[in-house]
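Student: I have a model open and want to go through its parts. Can we take the sheet to begin with, then the side chains?
Tutor: Fine, go ahead.

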Amino acid sequence: MTKATATTQTVAVLGTGKIGEALLSGMIRAGWHPKNLLVTTRRPERAEELSTRYGVEAVTTAEAAKRAETLILAVKPQDMGKLLDELAPHTTPAHLLISAAAGIPTTFIEDRLPHETPVVRVMPNTPVLVDEGMSVISAGTHATPTHLTHTTEIFGAVGKTLRVPESQQDAATALSGSGPAYFYYLVEAMTDAGILLGLPRAQAHDLIVQAAIGAAVMLRDSGEHPVKLREAVTSPAGTTISAIRELENHGVRAALIAALEAARDRSRELASGNG
């Protein structure tokens, strides 16, 4: 499937919260015409808002299934069962269903739809709101390479994508889905440290945020291992090595590993229905 044919397909975004709207706006910027995009909403005023902002048509769930080849399920996990009950009478194996709901396995969706309906599971993270997201993509039982390519083109409009086996989705959720929160937590702690060291909050914040942006760009663009980049800042008997010694003394590395394991385990619990 080429990009040209992908953007002429009709796609419906079912659930237009922050992630759904971010995806919708990103698709339009990437070349999808609003006439080929449908949305569903809970409230009439939200439907009017999206129609005015993006020129898309708001429809019912049944109408979305009737008119769109691709259905993106962007509802909250707790609302997925109800949505699938509404969709099931109107979907066929000719549809592609893409789930962006955290913790919902493809089998949960496949079991509630007509046999052999293709399903793809995607775990995006919140930087899709600024087109810097990472969306982790996994195929369900009946999804083909063409379905994965189409999904990649859609989510590539709001950042990068990575394909993994669905068995790795819980680990990806711990690293990528929850990942931005860890960096916000670190920036918060470093800003507080800056205040303790005598800087005004606004200045401390600006210093840390720009350091984070610069470090991220260097990690992305230099091709260097993070150890080498860290060593380049770490002079013998200098300030950086003194700080790193304290981080090691306080077990920061071990705490991060334990935190990510906890996030993975919680993702598994949610996927199994133990919410």
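Student: Which strands does helix H5 lie across?
Tutor: Helix H5 (residues 80-87) lies across strand S1 (11-14), strand S4 (70-73) and strand S5 (96-99). The helix runs at about 160° to S4. Axes here are lines fitted to C-alpha atoms, for helices over the stretch in contact, and angles run from 0 to 180 degrees between N-to-C directions. Contact means heavy atoms within 4.5 Å. Helices (H or I, at least four residues) and strands (E, at least two) are DSSP runs, numbered from the N terminus.

Student: And what kind of model is this?
Tutor: This is a predicted model, in which local features need pLDDT of at least 70 and side-chain atom pairs count only at pLDDT 80 or more, while totals for chains, interfaces and linings use all residues. Residues are numbered from 1 along each chain as its sequence is written, and side-chain values use heavy atoms, with hydrogens and water left out.

Student: In what order do the strands of the sheet come?
Tutor: The order is S3-S2-S1-S4-S5-S6-S7-S8, eight strands in an open sheet with mixed pairing. Two strands pair if DSSP finds at least two bridges between them.

Student: Which strands stand at the edges?
Tutor: Strand S3 (57-58) and strand S8 (159-163) do. Each has a single partner strand, so one side of each has no neighbour in the sheet.

Student: How does S6 pair with S5 and S7?
Tutor: S5 and S6 run parallel and are joined by three bridges. S6 and S7 run antiparallel, with four bridges between them. On the S7 side, Val120 is partnered by Ala139, and Met123 stands opposite Val136.

Student: How many residues of S6 are buried?
Tutor: Five of its five, so the strand is mostly covered; the cut-offs follow from relative accessible area, where buried means under 20%, exposed over 50%, and partly exposed in between (1.4 Å probe, protein chains only).

Student: Which way do the S6 side chains point?
Tutor: Val119, Arg121 and Met123 point one way, Val120 and Val122 the other, and all are buried. In a regular strand the side chains alternate between the two faces of the sheet.

Student: Over to Ser135. Buried or exposed?
Tutor: Ser135 counts as buried, because its relative accessibility is 1%. It lies in strand S7. Leaving out residues up to four places away in sequence, Ser135 touches Val122, Met123, Pro124, Val128, Phe155, Lys160, Thr161 and Leu162.

Student: Changing topic: how many salt bridges does a search of the whole structure find?
Tutor: The search finds 18. A salt bridge is a side-chain nitrogen of Lys or Arg within 4 Å of a carboxyl oxygen of Asp or Glu. Side chains of opposite charge can pair when their charged atoms come close.

Student: What about Glu248?
Tutor: Glu248 forms a salt bridge with Arg253, the closest N and O atoms being 3.0 Å apart. Glu248 is partly exposed at 41% relative accessibility, and Arg253 is exposed at 53%.
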